Amino acid sequence: MSATVRVETEASADDVAAVQAGLREFNVRVFGDPNEVPVTIFLRDDAGAVVGGLQGHIKWRWLYVSKLWIADSHRGKGHGFDLMNAAEDFGRSKNCIGSYLDTFEYQARPFYEKIGYEVFGTLDDYPPSYRQFFLSKRL
């Protein structure tokens with residue numbers, strides 16, 4: 001049976017799910033179950049509105065921080081540290097080996113380095129004329 005490669009910019013949800021399921025099945029066969037746990041932590045103001053938060057997941061005993069955001073009006077008050085500390089504490093409670101994340105050069109690299117993260121990779125010209133940094137920290 002033959003196969004054809006096609007670029008499809010508007011793939012169906014079922015087709016995307018087929019690729020994800022196939023890759024997951026392969027990875028589980030090689031590495032075992034990743035025991036994926038979503039990580040979502042919110043910063044709320046006195047009225048309960050979300051003014052910041054952290055999103056990520058734990059897989060194969062590593063915490064991945066995919067998003068960290070704090071509203072401008074709440075920056076500079078230690079909330080970033082509090083969110084990261086809460087995520088790392090949660091990771092430790094799940095027996096994580098470490099934590100990793102990525103950030104653009106115009107974002108928060110100095111903040112992450114201040115709390116113990118180290119650069120392990122750089123992608124130049126992403127976005128063009130900038131760099132994306134990949135950082136990790138052992139927990």
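A pocket is here an open set of grid points with protein on both sides within 12 Å along at least five of seven lines, and its lining residues have an atom within 4 Å of a point. In this predicted model, Q20, L23, R24, N27, V28, P34, E36, K59 and W60 line the second largest pocket. Helix α1, spanning residues 13-31, is the main contributor to that lining, with 5 residues. The space inside amounts to about 150 Å³, and the lining comprises 4 nonpolar, 2 polar and 3 charged residues.

The largest pocket holds about 600 Å³ of space. Its lining counts 23 residues, and L68, W69, Q107, A108 and Y112 are the ones nearest the centre. Strand β3 gives the most to this lining, with 7 residues, while α2, β4 (98-104) and α3 (109-114) each supply at least two. By class, the lining of the largest pocket contains 10 nonpolar, 9 polar and 4 charged residues.

Attention now turns to the interior. In soluble globular proteins, nonpolar side chains tend to be buried together. The largest nonpolar core of the model has 20 residues, and L54, L63, M84, L101, Y112 and Y117 make the most contacts inside it. Two or more core residues come from each of β1 (37-44), β2 (50-59), β3 (62-70), α2 (79-93) and β6 (131-138).

Conventions
Residues are numbered from 1 along each chain as its sequence is written. This is a predicted model: local features need pLDDT of at least 70, side-chain atom pairs count only at pLDDT 80 or more; totals for chains, interfaces and linings use all residues. Side-chain values use heavy atoms; hydrogens and water are left out. A nonpolar core is a set of buried Ala, Val, Leu, Ile, Met, Phe, Trp, Tyr and Cys residues joined through side-chain atoms within 4.5 Å. Buried means under 20% relative accessible area, exposed over 50%, partly exposed in between (1.4 Å probe, protein chains only). Helices (H or I, at least four residues) and strands (E, at least two) are DSSP runs, numbered from the N terminus. On a 1 Å grid over the protein atoms alone, a cavity is a set of points where a 1.4 Å probe fits but cannot get out, and a pocket is an open set with protein on both sides within 12 Å along at least five of seven lines; lining residues have an atom within 4 Å of a point. Grid points are joined across faces, edges and corners, and a volume is the space filled by probe spheres set on the points. Ala, Val, Leu, Ile, Met, Phe, Trp, Tyr, Cys and Pro count as nonpolar, Asp, Glu, Lys and Arg as charged, and the others, Gly among them, as polar.
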